[in-house]
Amino acid sequence: MTSRGETIMPTPARKIGFPALLVLSALAVLLFSVPAFLFPSHVCGGAFFSDSRLPVSSLLDDVETDPGFDQDGTPAYYRDRVVVLMYHNVGGAPGRGTVTAERFEADVRALRADGFNIISPEQMAGFLNGAPVPPNAVLITFDDGYEGIYRCAYPVLAKYGAQAIVFVVAGYVGRPGYLTWDQLREMTESSVFVVGGHTFDAHRRAPTGPGTSAPQTVAFVFDPAAGRKETILEYRDRVEKDIALSNEAFSTHLGSEASFFAYPYGAYTPYFIDILRDNGYKYCFTVLHGVNVRGQNPLYLKRINAGRSDLSTDKLIKKIKKAGRSPLADRSGPAAWFPAWARDPDVGLGLSPVWAGPGDEPGQASLDSPGDL
């Protein structure tokens with residue numbers, strides 16, 4: 001009904017003939033049968049992402065993807081790569097750098113159950129020299145040489161047929177709370193452990209100026225009486241003597257020197273690396289987070305901090321899978337690296353040091369940095 005009182009009748013719908021229906025049906029079939037590779041995007045969780053812009057690493061955080069399978073039917077999350085786990089102490093109350101014995105056994109049990117292959121230190125060395133490793137390869141390491149490794153970690157590794165490296169501060173051996181030489185001999189003779197270097201007595205902070213400090217292995221130590229820092233020749237002489245004492249202790253008490261080394265506090269510089277190479281160390285472990293790939297520089301080996309007391313076994317397994325699948329694997333590392341608390345403007349040797357912070361500046365420790373360990 002219009003304003004004039006006229007009634008408007010609805011227009012009859014047009015009937016669609018049989019030939020038109022056939023054409024529409026054919027178009028629909030064609031549309032839904034086009035191969036997926038002709039489209040530049042794919043659907044993920046109901047949204048469209050361009051393949052060229054897909055943030056792969058972010059999608060792998062908590063998503064369990066199809067790992068593929070090895071010839072024997074075990075899952076293969078990654079191949080031709082090694083994820084190295086870093087622990088410190090095991091047993092007692094959980095705290096900074098310490099996990100309970102129960103947590104450590106849960107970690108090892110989960111690694112076995114989820115199809116990870118815990119490789120030996122010798123296999124790691126072989127991999128770095130071109131030899132193959134099984135899929136899902138994991139190496140376990142311990143820093144500092146705490147006595148809890150003998151009491152709590154050693155029996156678990158023996159139970160599950162696994163091996164590991166323990167990086168020992170040789171001058172601390174036999175002190176309360178640390179391993180003894182008798183324990184280390186037993187651990188190495190059982191083939192469960194290989195001993196690596198962690199200095200003789202240089203895993204400590206050293207003054208670099210009034211009110212500042214840095215790891216002793218990379219610091220040009222400040223002498224307040226003289227009012228100056230040591231020279232490069234004095235630095236090299238001091239650090240070489242410490243490393244030589246460590247090698248001598250290993251030879252005397254264990255029968256051989258070490259070829260594996262873990263940087264104290266994760267800190268290193270070109271000067272320190274040269275000293276280690278000159279004293280027989282071939283494989284050096286950082287605290288940089290990541291996976292080790294084919295062709296990895298053996299002086300910049302990456303690790304995952306597995307020894308955090310606030311890290312559950314489930315989260316650790318996810319971290320390992322994520323690191324192993326990471327498309328951003330780096331075969332080397334920054335030329336120099338220091339923890340966030342370190343202050344020594346001369347230690348960079350003219351380089352731009354990389355700190356423990358995501359902003360490449362001191363005071364912003366990253367989530368996976370062991371910080372002051």
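**Reading a predicted chain, feature by feature**

The protein chain exposes about 18500 Å², and carbon and sulfur atoms supply 56% of that area (Shrake-Rupley method, 1.4 Å probe; for residues, only the protein chains shown count as cover).

Me: What kind of model is this, and how are residues numbered?

Reply: This is a predicted model, in which local features need pLDDT of at least 70 and side-chain atom pairs count only at pLDDT 80 or more, while totals for chains, interfaces and linings use all residues. Residues are numbered from 1 along each chain as its sequence is written, and side-chain values use heavy atoms, with hydrogens and water left out.

Me: How many helices and strands does the protein chain have?

Reply: Helices (H or I, at least four residues) and strands (E, at least two) are DSSP runs, numbered from the N terminus. Here there are nine helices and 17 strands.

Me: Is glycine 145 buried or exposed?

Reply: Buried means under 20% relative accessible area, exposed over 50%, and partly exposed in between (1.4 Å probe, protein chains only). Glycine 145 has a relative accessible area of 3%, so this residue is buried. It sits in the loop between β7 (137-144) and α5 (148-159). Across the 373 residues of the protein chain, 46% count as buried.

Me: Which residues does glycine 145 contact beyond its sequence neighbours?

Reply: Contact means heavy atoms within 4.5 Å. Setting aside neighbours within four places in sequence, glycine 145 contacts Val166, Phe167, Tyr178 and Leu179. Its C-alpha atom is 6.1 Å from that of phenylalanine 167, 22 residues apart along the chain.

Me: And how do α5 and α6 pack?

Reply: Axes are lines fitted to C-alpha atoms, for helices over the stretch in contact, and angles run from 0 to 180 degrees between N-to-C directions. Angles under 35 degrees count as roughly parallel, over 145 as roughly antiparallel, 65 to 115 as roughly perpendicular and the rest as oblique. The axes of α5 and α6 (residues 181-189) are 11 Å apart, at an angle of about 20°, so the two helices are roughly parallel. Ile149, Tyr150 and Tyr154 of α5 make the contact with Gln183, Glu186 and Met187 of α6.

Me: Why does aspartate 278 count as exposed?

Reply: Aspartate 278 counts as exposed because its relative accessibility is 54%. This residue lies in helix α8 (residues 270-278). Not counting residues up to four places away in sequence, aspartate 278 touches Arg236 and Glu240.
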